[in-house]
Structure formats: C-alpha cells, structure tokens
Amino acid sequence: MTHASIPAPLSQDELGPDTQPVAYEVADGVAYVSLNRPEFRNAQNSVMTYSLDNAFIKAVEDASVKVIVLRAKGKHFSAGHDIGTPERDFHVQYENKAALHWDHTDRSGGDQRLARELEVYLGMCRRWREIPKPVIAQVHGACIAGGLMLAWICDFIVASDDAFFSDPVVRMGIPGVEYFAHAFVLGPRRAKEILYTGERFSAAKAEQWGMVNHVVPREELEAKVASIAANIAEMPQLGLSLTKKAVNICEDQMGLRNAMDSVFGWHHFAHSANAEADGDSLGGMDARSMRDSAKKGQ
C-alpha cells in the first residue's frame with residue numbers, strides 16, 4: 001500500500017492566519033482556531049488533530065486570549081474523520097499527548113485500532129473539553145460524525161442557518177462516533193432517532209432540541225460569535241474557568257464520562273466484528289458512501 005507524503009503537525013510557532021490544516025489568529029482577546037483543509041471538507045486526519053491541539057495550547061498559554069472560537073474555512077465545518085483522502089495518516093507514528101498508552105503503529109488488528117482511537121479520537125476530545133477558557137463552536141455547512149465531536153467539546157454552539165448535522169456511522173454497524181455524547185446533548189429519544197436513521201438534521205432542529213444555542217443567517221454568523229465572545233471576555237477569567245469546571249463536573253456526575261467509556265468498548269467490538277466478518281473494520285463503507293447516506297432527511 002502506498003501513501004501520499006504526509007506533512008508534520010504544525011507547531012505553535014508555525015501556526016498562522018492561513019496555515020493548513022489549521023489556521024490561527026487572535027483579535028480583540030479572541031483566539032480564532034480554524035479547520036483549514038477545505039479541499040477535503042475539513043476531514044480530520046491526525047496531522048489536523050495534533051495541529052489543532054497545538055493551537056488550543058497556544059490559546060490557553062496566551063494571557064491575552066480570553067475566549068477561543070473553533071471555526072472552519074471553506075464550505076463546511078467538518079465532514080468527520082479522514083477515512084479516504086490522500087493524506088489519511090492512520091499508519092504514521094505521533095507522540096501520544098492525550099492518552100497514556102502504547103503507540104498504535106507497531107500493533108495490529110483490534111489492538112491497533114483501540115490504541116489509535118483512544119488517543120486521537122476519544123482522548124483528544126476529552127482533553128479539549130477541559131480547556132480552561134471558554135470555547136465557542138462556530139458551525140456552518142456540514143458537521144458530520146467526527147465534526148459533531150469537535151462541536152460537542154465546545155462550551156456552546158452557534159450555527160448558521162445552512163448548517164446541518166449527522167452521525168451516520170450506524171451504517172457501518174458501529175454505535176455512533178467515539179466521543180459518545182449523543183444522549184446528553186440531544187436527549188435519549190432524539191439520539192436514537194438520529195442514530196437509527198443516520199439522517200441529517202438542520203440547525204433549526206438542533207436549536208429546537210437543545211444542541212445548538214443560536215442559529216443565525218450565514219452572513220451574520222461571524223458577527224454573532226464575535227459579539228458573544230466580547231461579552232464573555234468581560235468576565236473574570238478564573239471565574240469562567242471554575243464555572244466551566246463546575247458544569248462539566250455536573251455532566252460527569254450525570255454519567256457522561258462513564259457512559260463514554262462503556263460505549264467506546266462497544267464501538268471497538270463493532271469494529272472487530274466487522275473485521276472478523278469481512279476484513280473491513282468500517283463495514284464496507286467509505287467516505288463517499290457515508291456522505292451519500294447522510295443526504296436523506298433534514
């Protein structure tokens with residue numbers, strides 16, 4: 001199997017307003033962290049993941065930054081995990097930062113998948129959920145599967161009226177993405193609905209169901225987020241950090257973390273069951289078929 005040349009993740013010093021696959025800039029006390037792989041609908045490979053982590057570290061360590069905004073360049077927020085671009089880099093070794101676990105590249109089968117996904121999917125999302133500064137997701141266009149995970153780790157979500165959401169991975173025979181917050185952000189019945197059908201749901205529905213805080217016209221999205229960020233930035237930083245921790249603790253007391261641990265195990269059982277049945281841990285699905293499967297509904 002041949003692979004395209006894979007660039008290294010961006011260091012904190014390398015990040016800039018137009019860097020790829022993550023861009024970074026600061027204005028008026030707000031760090032704008034932008035997914036910047038638009039030619040692949042901002043699909044998340046590991047280079048993006050580790051570049052994104054360095055951007056968050058840079059924002060946390062910058063005393064002038066009061067609020068972080070996670071947004072995206074191009075037509076879509078994110079099509080989810082990279083399962084088919086030329087820069088898919090599941091085979092590349094990176095230094096683990098999110099989980100204390102062995103490297104995945106010298107393992108095979110279920111051991112390899114578990115080690116990698118524990119680090120770059122579940123581990124990174126949990127790490128980012130605990131960022132001590134307020135994080136706002138600014139979502140437009142598609143927010144699919146792994147894109148949901150990025151939005152859900154943020155403290156709240158502001159979406160444009162053209163945004164749409166989906167977690168279609170049940171079509172792979174897998175019970176949802178690795179950061180399984182579905183029942184908490186949507187409620188159990190809506191979670192079952194969007195998982196059982198795999199269909200898209202609109203920003204308007206997401207707001208109605210309580211997953212999204214605000215929906216505005218596309219041309220007003222940037223200004224709306226900037227206004228909210230400016231209001232938050234006036235609050236004392238320690239107070240904001242402790243408040244975030246308090247709310248996260250309440251979610252964990254309601255079972256969020258334990259539920260994720262349990263579902264993560266079923267997620268990997270499903271991968272292994274697929275691989276045992278036909279040799280494909282994704283159940284025969286690829287990026288195109290996953291995209292097409294999510295076009296129903298809305």
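The model shown is predicted, so local features need pLDDT of at least 70 and side-chain atom pairs count only at pLDDT 80 or more, while totals for chains, interfaces and linings use all residues. Residues are numbered from 1 along each chain as its sequence is written, and side-chain values use heavy atoms, with hydrogens and water left out.

**Figure 1. The open sheet of six strands.** The strands follow the order S1-S2-S3-S4-S6-S9, and their pairing is mixed. Strands S1 (22-27) and S9 (214-216) stand at the edges with a single partner strand each, so one side of each is left without a neighbour in the sheet. On average, neighbouring strands of this sheet are turned by 20° against each other, direction ignored. Helix H1 (residues 46-61) packs on the sheet and touches S1, strand S2 (30-35) and S3; the direction of H1 makes about 15° with that of S1. Helices (H or I, at least four residues) and strands (E, at least two) are DSSP runs, numbered from the N terminus. Two strands pair if DSSP finds at least two bridges between them. Axes are lines fitted to C-alpha atoms, for helices over the stretch in contact, and angles run from 0 to 180 degrees between N-to-C directions.

Figure 2. Buried means under 20% relative accessible area, exposed over 50%, and partly exposed in between, with a 1.4 Å probe and protein chains only. In a regular strand the side chains alternate between the two faces of the sheet. Both faces of S4 are covered: Val135, Ala137 and Val139 are buried on one side, and Ile136 and Gln138 are buried on the other.

**Figure 3. Parallel neighbours of S4 and S6.** Strand S3 (residues 67-72) runs parallel to S4 and is joined to S4 by three bridges; Val69 stands opposite Ile136 in S4. Four bridges link S4 to strand S6 (residues 156-160), again in parallel, and here Val139 stands opposite Ala159 in S6. S6 is in turn joined to S9 by three bridges, and these two strands run parallel. Ala159 has Val215 of S9 as its bridge partner.

**Figure 4. Helix H2 between S3 and S4.** Together, S3, helix H2 (residues 109-129) and S4 make a right-handed β-α-β unit. A crossover is right-handed if, with the strands pointing away from the viewer, the path from the first strand over the helix to the second runs clockwise. H2 has 21 residues and reaches 29 Å from its first C-alpha to its last, close to the 30 Å expected at 1.5 Å a residue; the expected span is 1.5 Å times one less than the number of residues. At Leu118, H2 bends by about 45°, where the bend is the angle between axes fitted to the seven residues ending there and the seven starting there.

Figure 5. His182 counts as buried because its relative accessibility is 0%. Residues up to four places away in sequence not being counted, His182 touches Trp152, Asp167, Gly176, Val177, Gly187, Ala191, Ile194 and Leu195. Contact means heavy atoms within 4.5 Å. Arg129, a residue of helix H2, also counts as buried, at 8% relative accessibility. Apart from neighbours within four places in sequence, the contacts of Arg129 are Ile153, Tyr179, Lys244, Asn248, Glu251, Asp252 and Leu256.

**Figure 6. The open sheet of three strands.** This sheet has the order S5-S7-S8, with mixed pairing. Strands S5 (142-144) and S8 (201-202) are its edge strands, and each pairs on one side only. Strand S7 (residues 164-166) and S8 run antiparallel and are joined by two bridges; Phe164 has Ser202 in S8 as its bridge partner.

Figure 7. Gln20 and Pro21 are joined by a cis peptide bond with omega of about 10°, and Pro21 is found in the segment before S1. Arg41, in the loop between S2 and H1, has a positive phi near 55° and is not a glycine. At 25% relative accessibility, Arg41 counts as partly exposed. Ala145, in the loop between S5 and helix H3 (146-152), has a positive phi of about 50° although it is not a glycine. Ala145 is buried, with a relative accessible area of 10%.
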